[in-house]
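I opened my notebook for this one and jotted down what I looked up as I went. Have the sequence and the model at hand while you read along.

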Amino acid sequence: MRIKTLGAAAAAVTATALVGGASTGRNPQSRWFNKLRKPPYQPPSSVFPVVWPLLYTDIALVSAKALDDSDDTRRKAYTAALSVNLLLNAGWSWIFFSQRRLGLAAVTAAALTASSADLTRRATAVSGKSALALTPYPAWCAFATALSTHIWLLNRHR
(Lines give C-alpha, C1' and ligand atoms only; values in the text may rest on other atoms or scores of the structure.)
Protein backbone atom coordinates (compact mmCIF):
# COMPACT_ATOMS: atom_id res chain seq x y z
CA MET A 1 0.00 0.00 0.00
CA ARG A 2 1.39 3.36 -0.99
CA ILE A 3 1.64 6.07 1.67
CA LYS A 4 0.20 8.68 -0.71
CA THR A 5 -2.93 6.60 -1.33
CA LEU A 6 -3.35 5.79 2.36
CA GLY A 7 -2.95 9.48 3.23
CA ALA A 8 -5.61 10.50 0.72
CA ALA A 9 -8.04 7.81 1.89
CA ALA A 10 -7.38 8.66 5.54
CA ALA A 11 -7.92 12.38 4.83
CA ALA A 12 -11.26 11.71 3.11
CA VAL A 13 -12.44 9.45 5.92
CA THR A 14 -11.25 11.90 8.58
CA ALA A 15 -13.13 14.74 6.86
CA THR A 16 -16.24 12.57 6.88
CA ALA A 17 -15.83 11.83 10.58
CA LEU A 18 -15.34 15.51 11.38
CA VAL A 19 -18.38 16.64 9.37
CA GLY A 20 -20.51 13.86 10.83
CA GLY A 21 -19.29 14.65 14.33
CA ALA A 22 -19.97 18.36 13.90
CA SER A 23 -23.47 17.57 12.63
CA THR A 24 -24.09 15.28 15.58
CA GLY A 25 -22.62 17.66 18.15
CA ARG A 26 -24.17 17.22 21.56
CA ASN A 27 -27.47 16.10 20.08
CA PRO A 28 -27.27 12.53 21.46
CA GLN A 29 -27.58 14.14 24.90
CA SER A 30 -30.14 16.72 23.77
CA ARG A 31 -33.63 17.00 25.15
CA TRP A 32 -35.02 16.26 21.67
CA PHE A 33 -33.05 13.02 21.31
CA ASN A 34 -33.76 11.90 24.87
CA LYS A 35 -37.50 12.35 24.28
CA LEU A 36 -37.49 10.13 21.20
CA ARG A 37 -38.94 6.68 21.67
CA LYS A 38 -36.23 4.14 20.90
CA PRO A 39 -36.29 0.39 20.34
CA PRO A 40 -34.99 -1.88 23.10
CA TYR A 41 -31.94 -2.81 21.04
CA GLN A 42 -30.69 0.81 20.89
CA PRO A 43 -27.03 0.57 21.95
CA PRO A 44 -25.82 2.81 24.77
CA SER A 45 -24.35 6.07 23.52
CA SER A 46 -20.89 4.93 24.64
CA VAL A 47 -20.82 2.31 21.82
CA PHE A 48 -20.82 4.78 18.93
CA PRO A 49 -17.52 6.58 19.70
CA VAL A 50 -15.85 3.16 19.88
CA VAL A 51 -17.38 1.57 16.76
CA TRP A 52 -17.08 4.47 14.33
CA PRO A 53 -13.32 5.11 14.64
CA LEU A 54 -12.72 1.40 14.06
CA LEU A 55 -14.97 1.41 11.00
CA TYR A 56 -13.40 4.61 9.64
CA THR A 57 -9.92 3.11 10.03
CA ASP A 58 -11.11 -0.01 8.23
CA ILE A 59 -12.61 2.05 5.38
CA ALA A 60 -9.38 3.99 4.91
CA LEU A 61 -7.11 0.94 4.98
CA VAL A 62 -9.21 -1.27 2.70
CA SER A 63 -9.94 1.60 0.32
CA ALA A 64 -6.27 2.55 0.03
CA LYS A 65 -5.36 -1.04 -0.84
CA ALA A 66 -8.24 -1.32 -3.32
CA LEU A 67 -7.21 1.93 -4.99
CA ASP A 68 -3.59 0.78 -5.25
CA ASP A 69 -4.69 -2.60 -6.64
CA SER A 70 -6.97 -1.04 -9.28
CA ASP A 71 -6.33 -0.17 -12.89
CA ASP A 72 -7.24 3.40 -13.95
CA THR A 73 -10.86 2.59 -14.84
CA ARG A 74 -11.58 0.74 -11.60
CA ARG A 75 -9.68 3.33 -9.58
CA LYS A 76 -11.91 6.12 -10.93
CA ALA A 77 -15.05 4.05 -10.32
CA TYR A 78 -13.93 3.14 -6.78
CA THR A 79 -13.07 6.76 -6.01
CA ALA A 80 -16.55 7.84 -7.16
CA ALA A 81 -18.21 5.07 -5.12
CA LEU A 82 -16.15 5.97 -2.04
CA SER A 83 -17.03 9.66 -2.44
CA VAL A 84 -20.76 8.89 -2.61
CA ASN A 85 -20.42 6.57 0.37
CA LEU A 86 -18.65 9.15 2.52
CA LEU A 87 -21.21 11.83 1.57
CA LEU A 88 -24.03 9.52 2.62
CA ASN A 89 -22.14 8.69 5.80
CA ALA A 90 -21.71 12.31 6.90
CA GLY A 91 -25.13 13.21 5.49
CA TRP A 92 -26.94 10.80 7.78
CA SER A 93 -25.73 12.61 10.89
CA TRP A 94 -26.77 15.97 9.47
CA ILE A 95 -30.20 14.69 8.40
CA PHE A 96 -30.92 12.89 11.67
CA PHE A 97 -29.43 15.17 14.30
CA SER A 98 -29.32 18.62 12.71
CA GLN A 99 -32.45 18.44 10.56
CA ARG A 100 -34.34 15.93 12.74
CA ARG A 101 -35.85 14.29 9.66
CA LEU A 102 -36.25 10.76 10.90
CA GLY A 103 -37.88 9.27 7.79
CA LEU A 104 -35.26 10.76 5.48
CA ALA A 105 -32.55 9.55 7.87
CA ALA A 106 -33.90 6.00 7.56
CA VAL A 107 -33.82 6.25 3.76
CA THR A 108 -30.30 7.69 3.90
CA ALA A 109 -29.17 4.85 6.17
CA ALA A 110 -30.56 2.34 3.66
CA ALA A 111 -28.72 4.07 0.82
CA LEU A 112 -25.55 4.06 2.95
CA THR A 113 -25.97 0.32 3.57
CA ALA A 114 -26.29 -0.37 -0.15
CA SER A 115 -23.33 1.90 -0.88
CA SER A 116 -21.21 0.21 1.80
CA ALA A 117 -22.03 -3.25 0.43
CA ASP A 118 -21.12 -2.02 -3.06
CA LEU A 119 -17.85 -0.58 -1.77
CA THR A 120 -17.02 -3.94 -0.17
CA ARG A 121 -17.87 -5.72 -3.43
CA ARG A 122 -15.65 -3.36 -5.43
CA ALA A 123 -12.75 -3.69 -2.98
CA THR A 124 -13.02 -7.48 -2.96
CA ALA A 125 -13.06 -7.58 -6.77
CA VAL A 126 -9.64 -5.94 -6.94
CA SER A 127 -7.98 -6.87 -3.63
CA GLY A 128 -9.42 -10.33 -3.01
CA LYS A 129 -10.12 -11.81 0.39
CA SER A 130 -8.16 -9.15 2.27
CA ALA A 131 -10.91 -6.65 1.37
CA LEU A 132 -13.46 -8.75 3.23
CA ALA A 133 -12.15 -6.88 6.27
CA LEU A 134 -14.58 -4.16 5.15
CA THR A 135 -17.67 -6.37 5.76
CA PRO A 136 -18.30 -5.02 9.28
CA TYR A 137 -19.05 -1.63 7.69
CA PRO A 138 -22.11 -2.64 5.64
CA ALA A 139 -23.19 -4.90 8.52
CA TRP A 140 -23.12 -1.95 10.94
CA CYS A 141 -24.89 0.24 8.38
CA ALA A 142 -27.61 -2.41 8.00
CA PHE A 143 -28.05 -2.38 11.78
CA ALA A 144 -28.17 1.43 11.67
CA THR A 145 -30.83 1.24 8.96
CA ALA A 146 -32.98 -1.03 11.12
CA LEU A 147 -32.44 1.23 14.13
CA SER A 148 -33.14 4.46 12.19
CA THR A 149 -36.25 2.98 10.62
CA HIS A 150 -37.54 1.73 13.96
CA ILE A 151 -36.92 5.12 15.62
CA TRP A 152 -38.79 6.81 12.77
CA LEU A 153 -41.73 4.38 13.07
CA LEU A 154 -41.90 4.86 16.84
CA ASN A 155 -41.88 8.66 16.52
CA ARG A 156 -43.55 9.44 13.20
CA HIS A 157 -46.75 10.76 14.77
CA ARG A 158 -45.03 13.17 17.14
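Which residues in α1 are buried? I found T5, A9, V13, T16, G20, S23 and T24 on that list.

**Ground rules.** I am working with a predicted model, where local features need pLDDT of at least 70, side-chain atom pairs count only at pLDDT 80 or more, and totals for chains, interfaces and linings use all residues. Residues are numbered from 1 along each chain as its sequence is written, and side-chain values use heavy atoms, with hydrogens and water left out. Buried means under 20% relative accessible area, exposed over 50%, and partly exposed in between (1.4 Å probe, protein chains only). Helices (H or I, at least four residues) and strands (E, at least two) are DSSP runs, numbered from the N terminus.

**Entry 1: α1.** Just after α1, G25 has a positive phi of about 55°.

**Entry 2: the cores.** I looked for nonpolar cores, meaning sets of buried Ala, Val, Leu, Ile, Met, Phe, Trp, Tyr and Cys residues joined through side-chain atoms within 4.5 Å. The largest has 25 residues, and I59, Y78, L134 and Y137 make the most contacts inside it. At least two residues each come from α1 (3-24), α3 (48-69), α4 (72-98), α5 (102-127) and α6 (136-155). The largest share, 10 residues, is from α3. Leaving out residues up to four places away in sequence, I listed what Y137 touches: W52, L55, I59, N85, N89, L112 and S116. Contact here means heavy atoms within 4.5 Å. A second, separate core of 12 residues includes W32, W92, F97 and L102.

**Entry 3: R100.** I found R100 in the loop between α4 and α5. R100 has a positive phi of about 55° although it is not a glycine. R100 counts as partly exposed because its relative accessibility is 40%.
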